[in-house]
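I opened this entry to keep track of what I looked up, residue by residue. The notes follow the order in which I checked things.

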Amino acid sequence: MSSTRHKWGEKVRFPLKTEQQCIRCDMVKVGRREGGPAGYWDEFWRDEERIHCTATPPCDARREAVAA
């Protein structure tokens with residue numbers, strides 16, 4: 001079984017975070033920074049809801065399925 005990998009778009013930079021959107025499934029990866037190097041973490045969002053996880057959630061390629 002193969003899985004579809006995320007295809008992250010351009011990184012948008014803000015003072016304390018960065019955002020990238022997957023062009024295959026619309027998931028948004030948010031990199032947040034507080035304090036020094038130890039204060040960095042990633043969050044994942046889809047449909048304006050945070051996905052709580054310990055690793056990057058799989059891509060479901062929903063946009064490609066709609067286009068086909």
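This is a predicted model: local features need pLDDT of at least 70, side-chain atom pairs count only at pLDDT 80 or more; totals for chains, interfaces and linings use all residues.

I placed Glu43 in strand S4. Next I looked up the partners of its side chain. A polar contact of 2.9 Å joins the Glu43 side chain to that of Arg32, and another, of 3.1 Å, joins the Glu43 side chain to that of Trp45. Setting aside residues up to four places away in sequence, I listed Val28, Lys29, Val30, Arg32 and Arg50 as touching Glu43.

Then I checked Glu49, in strand S5, which covers residues 49–51. Glu49 has 56% relative accessibility and therefore counts as exposed, the cut-off being over 50%.

Entry on aromatic rings. How many aromatic pairs does the structure hold? I found one. The pair is Trp8 with Phe44, and it is tilted because the ring planes stand at 35 degrees, with the centres 6.5 Å apart. Trp8 belongs to the segment before S1 and Phe44 to strand S4 (residues 40–46), so the pair links distant parts of the chain, 36 residues apart. I looked up the accessibility of both partners. Trp8 is partly exposed, at 26% relative accessible area, whereas Phe44 is buried, at 4%.

I noted one more ring, that of Phe14. The charged end of Lys17 sits over this ring, 5.3 Å from the ring centre.

Entry on the core. Which residues make up the largest nonpolar core? I wrote down six: Cys22, Cys25, Met27, Phe44, Cys59 and Ala61. Phe44 is thus a member of this core as well as a partner of Trp8 in the aromatic pair. In soluble globular proteins, nonpolar side chains tend to be buried together. For Ala61 I listed the contacts beyond four places in sequence, which are Thr4, Arg24 and Cys25.

Entry on His6. I found His6 in the segment before strand S1 (12–14). His6 is buried, with a relative accessible area of 17%. Its side chain reaches the backbone oxygen of Pro57 at 2.7 Å. Leaving out neighbours within four places in sequence, I recorded contacts of His6 with Cys22, Arg24, Cys25, Met27, Thr56, Pro57, Pro58 and Cys59. Core members Cys22, Cys25, Met27 and Cys59 are among these contacts of His6.

Last, I took the overall figures. The protein has one helix and five strands, and along the sequence they follow the pattern β-β-β-β-β-α. Of its 68 residues, 24% count as buried. The accessible surface comes to about 5,300 Å², and carbon and sulfur atoms hold 50% of it. Among contacts with a separation of 6 or more, 23% join residues 24 or more positions apart.

Conventions
Residues are numbered from 1 along each chain as its sequence is written. Side-chain values use heavy atoms; hydrogens and water are left out. A nonpolar core is a set of buried Ala, Val, Leu, Ile, Met, Phe, Trp, Tyr and Cys residues joined through side-chain atoms within 4.5 Å. Buried means under 20% relative accessible area, exposed over 50%, partly exposed in between (1.4 Å probe, protein chains only). Contact means heavy atoms within 4.5 Å. Helices (H or I, at least four residues) and strands (E, at least two) are DSSP runs, numbered from the N terminus. Accessible areas come from the Shrake-Rupley method with a 1.4 Å probe; for residues, only the protein chains shown count as cover. A polar contact is a pair of N or O atoms within 3.5 Å; within protein, one must be able to donate a hydrogen and the other to accept it, and residues adjacent in sequence count only if both atoms are side-chain atoms. Rings of Phe, Tyr and Trp (its six-membered ring) pair if their centres lie within 6.5 Å; planes under 30 degrees apart count as stacked, over 60 as edge-to-face and the rest as tilted. A charge sits over a ring if NZ of Lys or CZ of Arg is within 6 Å of the ring centre and within 35 degrees of the ring normal.
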